[in-house]
Amino acid sequence: MTLDDIDRELLRAVALNADQSTTQLGQKLGLSQPATWRRLRRLQDAGVISGRRLVLDAEKVGFGVTVFLGVKLATKGRISLEDFERAVSAIPEVQSVEHVLGLYDYRLRVVARDLADFERVLRRRVMTLPGVGNVEANVLLSEERRPGPL
């Protein structure tokens with residue numbers, strides 16, 4: 001699918017605030033509501049827009065600490081990767097699991113109520129996962145939300 005300038009502007013506007021109505025979006029882009037709706041539908045049907053998600057403020061819902069973990073598996077192989085991915089995905093504090101290339105095999109985003117809670121998650125849940133070798137933790141100090149590449 002080829003995106004034109006209006007498609008890109010529409011995607012930028014939706015990425016900043018997905019709650020806007022097609023009327024509001026159309027007004028910003030100089031389009032009618034039906035034309036805006038058709039463009040959004042076309043982008044959804046083509047898989048360019050695959051969904052919308054709710055963004056929660058982790059601190060306001062009781063999770064004041066975010067830690068990025070680099071995890072190096074002790075053993076490699078398809079079985080150990082699948083076992084690790086299955087097990088780590090079952091930990092509710094693990095918000096994302098990224099299989100990466102580099103010093104570590106995986107990058108995890110973990111949320112916890114505080115540092116003591118994170119230590120509990122690390123010791124009792126992450127370090128006991130199948131195949132875990134080395135782990136490096138980086139505590140998030142601040143985060144700036146940057147819109148996507150459009």
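Predicted model: local features only at pLDDT ≥ 70, side-chain atom pairs only at ≥ 80, totals over all residues.
Setting aside residues up to four places away in sequence, Arg 52 touches Ala 18 and Gln 44, where contact means heavy atoms within 4.5 Å. Lys 76 is 24 residues from Arg 52 in sequence, and their C-alpha atoms are 35 Å apart in space.

Now turn to helix α2, which spans residues 22-29. Its buried residues are Thr 22, Leu 25 and Gly 26; buried means under 20% relative accessible area, exposed over 50%, and partly exposed in between, with a 1.4 Å probe and protein chains only. Seen down the axis of α2, these buried residues fall within an arc of 100 degrees, so they line one face of the helix. The arc is that of the directions from the helix axis to the C-beta atoms. Gln 27 and Lys 28 are exposed on the face turned away from the buried side. The cover over the buried residues of α2 includes α1 (5-16) and α3 (33-45). Just after the helix, Gly 30 takes a positive phi of about 75 degrees.

Thr 22 counts as buried because its relative accessibility is 16%. Its side chain makes a polar contact of 2.8 Å with the side chain of Gln 33. Apart from neighbours within four places in sequence, Thr 22 is in contact with Gln 33, Thr 36, Trp 37 and Leu 40. Over in helix α3 you will find Arg 39, which counts as buried at 18% relative accessibility. Not counting residues up to four places away in sequence, Arg 39 touches Asp 4, Ile 6, Asp 7, Leu 10 and Leu 31.

What about the nonpolar interior? A nonpolar core is a set of buried Ala, Val, Leu, Ile, Met, Phe, Trp, Tyr and Cys residues joined through side-chain atoms within 4.5 Å. The largest one has 19 residues, and those with the most contacts inside it are Leu 69, Val 71, Phe 84 and Leu 108. The elements giving two or more residues to this core are β1, α4, β3 and α5, and β1 gives the most, with five residues. A second, separate core of eight residues includes Leu 11, Leu 25, Leu 40 and Ile 49.

How many aromatic pairs does a search of the whole structure find? There is one: Phe 84 and Tyr 106 form a tilted pair, 4.7 Å centre to centre with 45 degrees between the planes. Rings of Phe, Tyr and Trp (its six-membered ring) pair if their centres lie within 6.5 Å; planes under 30 degrees apart count as stacked, over 60 as edge-to-face and the rest as tilted. The pair links distant parts of the chain, with Phe 84 in helix α4 (residues 78-89) and Tyr 106 in strand β3, 22 residues apart. Phe 84 is buried at 0% relative accessibility, and Tyr 106 is buried with a relative accessible area of 0%.

Finally, come to helix α5 (residues 115-126), whose buried residues are Asp 117, Phe 118, Val 121, Leu 122 and Val 126. Viewed down the axis of α5, they fall within an arc of 140 degrees, so they line one face of the helix. They pack against β1 (65-73), β3 (106-112) and β4 (132-139). The face turned away carries the exposed residues Ala 116, Arg 123 and Arg 124. At the start of α5, a side-chain oxygen of Asp 114 reaches to within 3.2 Å of the backbone nitrogen of Ala 116.

Terms used
Residues numbered from 1 in each chain as written. Heavy atoms only, no water. Helix = DSSP H or I, 4+ residues; strand = E, 2+ residues; numbered from the N terminus. Polar contact = N/O pair within 3.5 Å; in protein donor to acceptor, adjacent residues only side chain to side chain.
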